[in-house]
Amino acid sequence: MGMGTKLKLYNTLTREKTGFEPIDANNVRMYVCGPTVYDFAHIGNARPVIVFDVLFRLLRHVYGDSHVTYVRNITDVDDKINARALRDFPGLPLNEAIRAVTEKTETQYLDDVKALGCLEPSEQPRATDNIAQMIEIIEKLIAKGHAYRASGEVLFDTKSMADYGQLSKRNLDEQQAGARVAVDVHKRSPGDFVLWKLSDENEPGWESPWGRGRPGWHIECSAMSGRYLGDVFDIHGGGLDLIFPHHENEIAQSRCAHGTEVMANVWMHNGFLQVEGRKMSKSEGNFVTIYDLLHTEVFGGRKWPGEVLRLAMLMTHYREPIDFSIKRLEEAERLLAKWPAADAGDGTVDETVLAALADDLNTVGAVQALHALAQAANADPSVLSRFAASAELLGVLPKKAQIDDAVVLAVDALVAMRLEMLKARNFAEADKIRDDLSAKGVQLKDGKDAATGERVTTWEVKR
Ligand code: AMP
Ligand code: ZN
């Protein structure tokens, strides 16, 4: 393992790029906020999934596959889900309608991100399986004077935390001045946020010390990260839009409940995927779903393979904005077409690729180094295993086409027949076999046996 590799990561908490020191090198712990499962994920939502998948792969490479725990949650309780359940399944009892929405969306999400070459996280907890943990944290917050009850809600008291605003660097006065913070009369301060709210009969709810109700969004991540990764862990990630209020409030809850200096040591945030300079989002209406890109022809009049979408994403540094365009996808596709297909194997990762990734996930440099390596491997097969291992670290290794044994036998027979034709100087027939195979996607390569000087022909399936 490359324990000698020194990782540097940009930390939103300190606004600095610093050397990464895990709390426990035998169990490096990372949490990334996952989807709210009410609708198809758009390609902007795919960005954090891909970025943190590369980080997961890198951490596994450096610390060992079994020494990294990556948790990505599923938010399956949310008012947007309720609304969707009522709209799409008006005939069903609410709980069943909600389950229908969340299960369908979750399955779709997992299919989508798998097609984008992402490994499964170590844990994918659902919010609804962690209600007891949420209640426990809220009870602690009340007991310690950080939360209060008002008008059927339990609220976090932002004024009770001296250094609230650590991550976003906003102070409370700025937030109060901010016009976007709705002033609710029942709140002690406008920035106070919901930990628990009571549900009426037509809303999903769980029994709690404060009555039947449901959790606020932020408390879900405090509960699930704490359960699987402990009170303080190494890395917490998500998109830029989550810094405030979501991550700020996760920090407030977890630190105040557990009495810790930090919730996670390193906070990482990916930039936005944009369309014509504007963030891709459901509310802007400028979104295209991962599903549609993969399976329909709505974008550029054609389908796009998952590898192309993934590589296109990695051709920009994760903290920079990406403008999503057909041109960018075509560029990624042209690059991939020049790379050799291979099985992952057990080759050594190239030092240049590794050094680029270790420098705050410089995937741009890593892709450049990988391309140089691909060209070298095309000229010299002994480089192929290094290329394969390096491409696998980024999750962009072109896979060898899978073909049936029966097809292999048939092609082998045709190739042998062609060699006979060539020996008999029947070039027209030999060429016809080669062209027929080529039309079916099988590429022949003629060479000479080094020892005997006899013609040998190998073949591969063109991608
Ligand atoms: P949401 O479903 O809106 O909570 O988003 C899920 C994840 O996708 C979060 O980490 C967001 O920060 C991220 N995200 C949403 N929109 C974009 C975008 N246009 N570009 C990059 N990341 C995004
Ligand atoms: Zn979260």
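Q: In which strand does Thr 457 lie?
A: Thr 457 lies in strand β15, residues 455-461. A strand here is a DSSP run of E with at least two residues, and a helix is a run of H or I with at least four, both numbered from the N terminus. The model is predicted: local features need pLDDT of at least 70, side-chain atom pairs need pLDDT 80 or more, and totals for chains, interfaces and linings use all residues. Residues count from 1 along each chain as its sequence is written, chains are lettered from A and ligands numbered from 1 in the order written, and side-chain values use heavy atoms, without hydrogens and water.

Q: Why is Thr 457 called buried?
A: Its relative accessible area is 14%. Buried means under 20%, exposed over 50%, and partly exposed in between, with a 1.4 Å probe and protein chains only. So Thr 457 counts as buried.

Q: What makes the pair Thr 457 and Asp 446 a polar contact?
A: Their side chains come to 2.6 Å. A polar contact is a pair of N or O atoms within 3.5 Å; within protein, one must be able to donate a hydrogen and the other to accept it, and residues adjacent in sequence count only if both atoms are side-chain atoms. The pair therefore qualifies.

Q: What makes helix α7 largely enclosed?
A: In α7 (residues 243-258), 14 of the 16 residues are buried, so the rest of the structure largely encloses this helix. Gly 259 follows α7, with a positive phi near 65°.

Q: Which residues are the closest to ligand 1?
A: They are Gly 44, Gly 239, Asp 241, Leu 273 and Met 280, out of 14 surrounding residues. A residue is near a molecule if one of its heavy atoms lies within 4 Å of it. α1 (43-63) and β9 (233-239) each supply at least two residues of this shell. α1 gives the most, with 3 residues.

Q: How do you know that Asp 241 has a polar atom by ligand 1?
A: A polar side-chain atom of Asp 241 lies 2.4 Å from a ligand oxygen.

Q: Why are β4 and β10 called edge strands?
A: The open sheet has 4 strands in the order β4-β3-β9-β10, with parallel pairing. β4 (68-72) and β10 (264-270) each have a single partner strand, so one side of each lacks a neighbour in the sheet.

Q: How do you know that β3 and β4 pair?
A: Two strands pair if DSSP finds at least two bridges between them. β3 (residues 28-32) and β4 run parallel and share 5 bridges, so they qualify. Val 28 stands opposite Val 68 in β4.

Q: What makes β12 and β13 edge strands?
A: The open sheet of 3 strands runs β12-β11-β13, and its pairing is mixed. β12 (278-279) and β13 (322-323) each have a single partner, so one side of each has no neighbour in the sheet. β11 (residues 273-275) joins β12 by 2 antiparallel bridges. Gln 274 has Lys 279 as its bridge partner in β12.

Q: How many bridges pair β1 with β2?
A: β1 (residues 8-11) and β2 (residues 16-19) pair over 4 bridges, in the antiparallel sense. Tyr 10 stands opposite Lys 17 in β2. The two strands form a hairpin with 4 residues between them, and Arg 15 in the turn has a positive phi of about 60°.
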